[in-house]
Structures are given as structure tokens and as C-alpha cells.
Amino acid sequence: MLFPGKDKKEQKIEHILLENYNSYYRLAYSYVHNEADAGDIVQNGAYKAILHSDKLKQEEYAATWVYRIMLNEIFRFLKKEQPISLDAVEVEHGKEDTYENLDLRRALDAMPQEDKAVIELKYFEDMKLTEIAEILDENVNTVKSRLYRGLKKLRLELSDAWQWE
């Protein structure tokens, strides 16, 4: 037994949280661009996942369930916070960021949260569309549409940004 005195679901959730902490942090950071805020989001999400582990209906979907909690925490944070200025992002990252990375970050940040989530989970977290659909609680075809629409918007945004350089 990994954690004596805890039920099976809570142990499973804790194991998933420990195993995927860096992925949750990267996802949160990609939205808030602040280390402390990303850490707070992940900690709040972890707390809620452990606290409500008894509400997990099927253990085989525990990882998806935790990702959904993390995304909800990110979206909740974004609703209450003021939008971050890109100047603050540029200062935080200094000169190591290339203009292309900043353009990509600008384009992603300008997208609707759900479209951005699909792209980030697919390309930065290397998830399958079926996994993303489960996390977002959407139909796979809806996720595909969001992905293709989002990629088209990114291409347009990035081609416009790079055209002026």
C-alpha cells in the first residue's frame, strides 16, 4: 500500500498527481505565464482532486478526471484575474525567447480557451484526440473541429506576424 489509511481512489489520484505534476504545471503556465500562479493553480487542483476523490466514478478515467479538474482551475483563475500583458511575459523570459516563440504565445493567448486547450494538449502534452475529448467532456468530432479551426487561426496569425518582419 502506497499511502496507508487512504482508500484506493485517493491513492490512485495521488499517484496520478505525482506522476503528471510537470504536465499540469506546464499546462497552467502556458495560460498564466507566471510560475507562482501556475504553481498555485496546480496545488489548488491537486487539493480538489484529492478532496473529491470519492466522487470519481470509474478509476480507469482517473487521469482524465484530474486533467479536467486542472483545466477548470486554470479557467477559474483566468476569469478572476486581469489579463496579463505581453510586456510582463517578455520581461519574465528575457532574451532567451525568440520572436517566433513570442508570436506563437501571442497567437495562442488570443484564442478561445477551449481551442487553446485542444492545441496544447495535442501538441505540447502529446495526447490523443480521444483523450482530449474525455478531458474536455466533448465529442471527438468537436475536438477535431476545434483543433483544425485553431490550427488554421494559428497559421493565419503567425503568417501575418512573420510577414511584417
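Among contacts in the protein between residues at least 6 apart in sequence, 65% join residues at least 24 apart, where contact means heavy atoms within 4.5 Å. The model is predicted, so to speak, with conditions attached: local features need pLDDT of at least 70 and side-chain atom pairs count only at pLDDT 80 or more, while totals for chains, interfaces and linings use all residues. Residues are numbered from 1 along each chain as its sequence is written, and side-chain values use heavy atoms, with hydrogens and water left out.

**Overall make-up**

- The protein has 8 helices and 0 strands; helices (H or I, at least four residues) and strands (E, at least two) are DSSP runs, numbered from the N terminus.
- Read from the N terminus, the order of elements is α-α-α-α-α-α-α-α.
- Of the 165 residues in the protein, 41% are buried. Here buried means under 20% relative accessible area, exposed means over 50%, and partly exposed lies in between (1.4 Å probe, protein chains only).

- Two packed helices are described by the angle between their axes and the distance between the axes. The axes are lines fitted to C-alpha atoms, for helices over the stretch in contact, and the angles run from 0 to 180 degrees between N-to-C directions.
- Helix α1 (residues 8–32) and α3 cross at roughly 35°, and their axes come within 10 Å.
- The crossing of α1 and α3 is right-handed: a crossing is left-handed if the near helix is turned anticlockwise from the far one by less than a right angle, and right-handed if clockwise.
- On the α1 side, the residues that meet α3 include Ile-13, Leu-17, Tyr-24 and Leu-27. Their counterparts in α3 include Trp-65, Met-70, Ile-74 and Phe-77.
- By class, the contact of α1 with α3 has 19 nonpolar residues, 1 polar and 1 charged. Ala, Val, Leu, Ile, Met, Phe, Trp, Tyr, Cys and Pro count as nonpolar, Asp, Glu, Lys and Arg as charged, and the others, Gly among them, as polar.
- Helix α3 (residues 62–80) also packs with helix α6 (residues 113–124), at an angle of about 135° and with the axes 12 Å apart.
- The pair α3 and α6 is therefore oblique; angles under 35 degrees count as roughly parallel, over 145 as roughly antiparallel, 65 to 115 as roughly perpendicular and the rest as oblique.
- The crossing of α3 and α6 is right-handed. Tyr-67, Leu-71, Phe-75 and Leu-78 of α3 make this contact with Gln-113, Ala-117 and Leu-121 of α6.
- The contact of α3 with α6 divides into 6 nonpolar residues, 1 polar and no charged ones.

**Salt bridges**

- Side chains of opposite charge can pair when their charged atoms come close. A salt bridge is a side-chain nitrogen of Lys or Arg within 4 Å of a carboxyl oxygen of Asp or Glu, and by this rule the count is 8.
- Lys-48 and Glu-73 form a salt bridge through their side chains, at 2.6 Å from N to O. Lys-48 is in helix α2 (residues 35–51) and Glu-73 in helix α3, so the pair ties together parts 25 residues apart in sequence.
- Lys-48 is partly exposed at 30% relative accessibility, whereas Glu-73 is buried at 6%.
- Arg-146 and Asp-115 meet in a salt bridge of 3.0 Å, N to O. Arg-146 lies in helix α8 (residues 140–163) and Asp-115 in helix α6, so parts 31 residues apart in sequence are tied together.
- Arg-146 also forms a salt bridge with Glu-138, with the closest N and O atoms 3.1 Å apart.
- Arg-146 is buried, with a relative accessible area of 17%, and Glu-138 is partly exposed at 22%.
- A network of salt bridges links Asp-115, Glu-138, Arg-146, Arg-149 and Lys-153.

**Residues to look at**

- Lys-116 sits in helix α6 and is buried, with a relative accessible area of 3%.
- Neighbours within four places in sequence aside, Lys-116 is in contact with Ser-30, Tyr-31, Leu-108, Asp-109 and Met-111.
- Most residues other than glycine have a negative phi. Asp-126 has a positive phi, near 55°, and so does Asp-137, also near 55°.
- Asp-126 is in the loop between α6 and α7 (129–136) and is exposed at 67% relative accessible area.
- Asp-137 is in the loop between α7 and α8 and is exposed at 61% relative accessibility.
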